[in-house]
Amino acid sequence: NTFTCGAYEVKDGEDLESLGKELRDNIQARRWMCGFPDKVVVLSVENYLVSAFGAEDLVDTFRDTLTGTYEGAKVLYDEPIQ
C-alpha cells in the first residue's frame, strides 16, 4: 500500500462529487493488515474520477502533478487515512 491509484470514467450526467464521496468512503472504511497507507486523495478531471492512496509524499507528488497538468482538475478529498 505504498501507492495505489485508479481512474474511473463517469457516465454523462452522473454526479462526480457524490461518486467521489462514495469512493473516498470506501477507501476510508477498509481495514489494513500491513502497509498502512498515510493518506487518500480523490480528484475529478472532466468526466473522470481519480483516486490515490499510500505514502503521503508519493500521494502529494501525484496530486500536485495531476493538478499541474490538467487545468480543470479539482481536488475533492485530500485527507489522512483514518
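# Strand pairing and helix packing

User: Which residue in S4 is the bridge partner of Val42?

Analyst: Helices (H or I, at least four residues) and strands (E, at least two) are DSSP runs, numbered from the N terminus. Two strands pair if DSSP finds at least two bridges between them. S2 and S4 run antiparallel, joined by 6 bridges. In S4, the partner of Val42 is Tyr77.

User: What pLDDT do local features need in this model?

Analyst: Numbering starts from 1 along each chain as its sequence is written, and side-chain values use heavy atoms, with hydrogens and water left out. The model is predicted: totals for chains, interfaces and linings use all residues, side-chain atom pairs count only at pLDDT 80 or more, and local features need pLDDT of at least 70.

User: What is the strand order of the open sheet?

Analyst: The sheet has 4 strands with antiparallel pairing. S1 and S4 are the edge strands, each pairing on one side only. That leaves the order S1-S3-S2-S4.

User: By what angle are neighbouring strands of the sheet turned against each other on average?

Analyst: Axes are lines fitted to C-alpha atoms, for helices over the stretch in contact, and angles run from 0 to 180 degrees between N-to-C directions. For the sheet's neighbouring strands the average ignores direction. The value is 10°.

User: Which residue in S3 stands opposite both Gly6 and Val42?

Analyst: S1 and S3 pair in the antiparallel sense over 7 bridges. S2 and S3 also run antiparallel, joined by 7 bridges. Gly6 faces Ser51.

User: How many of the 7 residues of S2 are buried?

Analyst: Buried means under 20% relative accessible area, exposed over 50%, partly exposed in between (1.4 Å probe, protein chains only). Lys39, Val41, Leu43 and Val45 point one way from S2, while Val40, Val42 and Ser44 point the other, and all are buried. S2 is therefore largely enclosed by the rest of the structure, the buried count being 7.

User: Within what arc do the buried residues of H2 fall?

Analyst: H2 buries Val59, Asp60, Arg63 and Leu66. The arc is that of the directions from the helix axis to the C-beta atoms. Seen down the axis, these residues line one face of H2, because they fall within 135°.

User: At about what angle to S2 does H2 run?

Analyst: Contact means heavy atoms within 4.5 Å. The buried residues of H2 pack against S1 (3-9), S2 (39-45), S3 (48-54) and S4 (74-80). H2 lies across these strands, and its angle to S2 is about 10°.

User: Which exposed residues does the face of H2 turned away from its buried side carry?

Analyst: H2 covers residues 56-69 and reaches 20 Å from its first C-alpha to its last. That is close to the 20 Å expected, taking 1.5 Å times one less than the number of residues. The face turned away carries Asp57, Gly68 and Thr69.

User: Which residue's side chain joins that of Arg24 in a polar contact?

Analyst: Arg24 is found in H1. Not counting residues up to four places away in sequence, Arg24 touches Val42, Tyr77 and Glu79. A polar contact is a pair of N or O atoms within 3.5 Å; within protein, one must be able to donate a hydrogen and the other to accept it, and residues adjacent in sequence count only if both atoms are side-chain atoms. At 2.3 Å, the partner is Asp25.
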